[in-house]
Structure formats: structure tokens, C-alpha cells
Amino acid sequence: MMKSGKSSVLNALLGMKLFPSSIQAQTAVSVHLVHVKDAYYNKGILYQRVKSGRLQRIANEATNIRECLLVLNRYSRAGESYSSGEFEIRISIPFLREPFHDYKVMLADTVGADEAGLVNYSLQDFSKYSHLIIVINYRSMKTVAEANFVHSIRTQYSRFFSNKERILVVVNAIDAYYVDGNNASINPQHVAVYVNEYLNCSLCDVLPISAKWGLITQDLSLSQLEDFSESDYNEALSLYIKLNRINSQAVSELQNPSFNNKQTVLKVLRKFSSIDVFRQKVYAMTLQD
């Protein structure tokens, strides 16, 4: 879906800012992501497949790859067309590095299914994929845009719906419920029921997550927490308070952005983000035939 947070979800899954994301719809070029166990690919390498079929290296490491994809997206939106599968990132995905994991794993960051004029790029060449991860933005639930999105998903990816074990529905930005309050679209506890009914996919696996907090809490080391600003901490503390409904004395004690307080708050938000659960589910998918 346009601006559903697919790139942000992939970044949180990988634990690094590899794909460009912003408050505006960003992805205009579909990119295949291939897991390679070799440590040489730990930080990622972006390739372009040229006409001969050969892979040509064009960027390496997360920051360079992200900047390169940002430029490619801008060119595509300006009228330059790129075929799906022309760009490929090879990377050693941390949670797939177990010695016994020898399966080939490919992920794809696609153009949103409702992107005007770009829809064909998102629907090409998906025969090589065995599973479908549908990303829905929590704030867009119960909207006309979401209704159109669901229709396109059911129509274009119908083969996945014949086997519900091949589908994972990720509802991103679930923290919006606690930020928006009464303006939130649906109680998080009812998200799974709503999605199953709306997608006409009874008992499909539905996982509410927060990619934002999953990525922020990726590294809770001393050096990372020292760089975690006071304003960022205040935002984290505000969500922590709403999640835990703690008393005023406890709030007062936590307002000091000490290392211990930061660690206490962010550990809770890490669990709340459900990114580790998401990784477990993706890992389980890779073990299926």
C-alpha cells in the first residue's frame, strides 16, 4: 500500500536503515533482497543487473545503499522506468545466520500496490516468492484507500490466499493508538479480528508491530543510549507511561534520562514493538517448503 511503511518494516526487520523511508511515499523502484551467509555481505552490497544478466556492483554499506536507492526512487518518479528485479541487495541477515540455516531467502521491497502509474512494477515476477507479507499502516485502517488496497491484494496475489500459512499480515505503527488516543482507528486487541474479516482470510496470521520503536531499540548498548537524546527519551517515556499506567511517583523517578532509566524504558518498548516476534515468524517461513 502507498506509504504503508514497507521500507520501515524491512529496516526494522534487518536492524539497520538500509531502505529510504520518509513521511511521503518513497519507494518507486522494487528491490530484491537476497540473504547470503558470507560475512563479506554483513553490511550489504547493492547490485544492478545489466542487460547481459551480469550483476554490477553500485553501492555498499547501509548509508551508501540508502542514498543510492533514494536517488533511484527520485529518477523513477521523474519518469525513468526500472523493471522489477533490476536491483538486488545481497546481505547477511543477522537472524538468519545460524549454521544450520542453509535455505535461500529472498525478500522484496516493492512499490506500493496502489501507487498511481507505478502499480505494474509492484506486481511483476513474484512467481519466485513462496510467501506474502502484507504491510498495512495502522492509521489507514477503515479508510477508502485501504479498501482499494485490500481489493488489489486479493486480485493480484490470489495464489497466496489458497494457503493461509503463506501469508503474514503486518500492521505497522501500532504505537499510533497510544499517540492518537480517541482518534485511533481501532483497538490493537481487535486488529487481528478486523484484518481477518476485511481480507476475507479467516485465521490469517496478523501481527501488530511498531517498526519505529523496533529500529530505535535495536541496540541498547551504553554508547547507543548515551546518544539517545533527551527529547527522544521524553517521547519514549510518554509511550512507556501509557503502556504501563504507572503512578506519578514512578513517573517522576523516570524523568531523569539516566542510563538505567533509558534502558528500563526502551526494553519495554522493544518488547512492545514485536520486532523480535516478527523475526521469529519470518525465520519460520524460511524453513517451510
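Visitor: Before we start, what should I know about the numbers?
Guide: Residues are numbered from 1 along each chain as its sequence is written, and side-chain values use heavy atoms, with hydrogens and water left out. Since the model is predicted, local features need pLDDT of at least 70 and side-chain atom pairs count only at pLDDT 80 or more, while totals for chains, interfaces and linings use all residues.

Visitor: OK, how many aromatic pairs are there?
Guide: The structure has three. Rings of Phe, Tyr and Trp (its six-membered ring) pair if their centres lie within 6.5 Å; planes under 30 degrees apart are stacked, over 60 edge-to-face, and the rest tilted.

Visitor: What does the pair of Tyr-40 and Tyr-41 look like?
Guide: That one is edge-to-face, with 5.1 Å centre to centre and 85° between the planes.

Visitor: And Tyr-177 with Tyr-178?
Guide: Those two are edge-to-face, 5.0 Å centre to centre with 90° between the planes. Ring pairs also bring in Phe-272, making a cluster of Tyr-177, Tyr-178 and Phe-272.

Visitor: Is Tyr-41 buried or exposed?
Guide: Tyr-41 is buried, at a relative accessible area of 14%. Buried means under 20% relative accessible area, exposed over 50%, and partly exposed in between (1.4 Å probe, protein chains only). Tyr-177 is partly exposed at 26%, and Tyr-178 is partly exposed at 22%.

Visitor: Switching to charges: which ring does the charged end of Arg-90 sit over?
Guide: The ring of Tyr-47, with 5.8 Å to its centre. The rule asks for NZ of Lys or CZ of Arg within 6 Å of the ring centre and within 35 degrees of the ring normal.

Visitor: How many salt bridges are there?
Guide: Six, counting a side-chain nitrogen of Lys or Arg within 4 Å of a carboxyl oxygen of Asp or Glu.

Visitor: What does Arg-49 pair with?
Guide: Glu-88, with the closest N and O atoms 3.4 Å apart. The bridge links distant parts of the chain, from Arg-49 in strand 2 (residues 45-49) to Glu-88 in strand 4 (residues 87-91), 39 residues apart. Strands (E, at least two residues) and helices (H or I, at least four) are DSSP runs numbered from the N terminus. Glu-88 is buried at 8%, whereas Arg-49 is partly exposed at 33%. Arg-90 turns up again here: a network of salt bridges links Arg-49, Glu-88 and Arg-90.

Visitor: Where is the bridge between Glu-235 and Lys-212?
Guide: Glu-235 is in helix 10 (residues 230-244) and Lys-212 in helix 8 (residues 211-216). Their closest N and O atoms are 2.3 Å apart.
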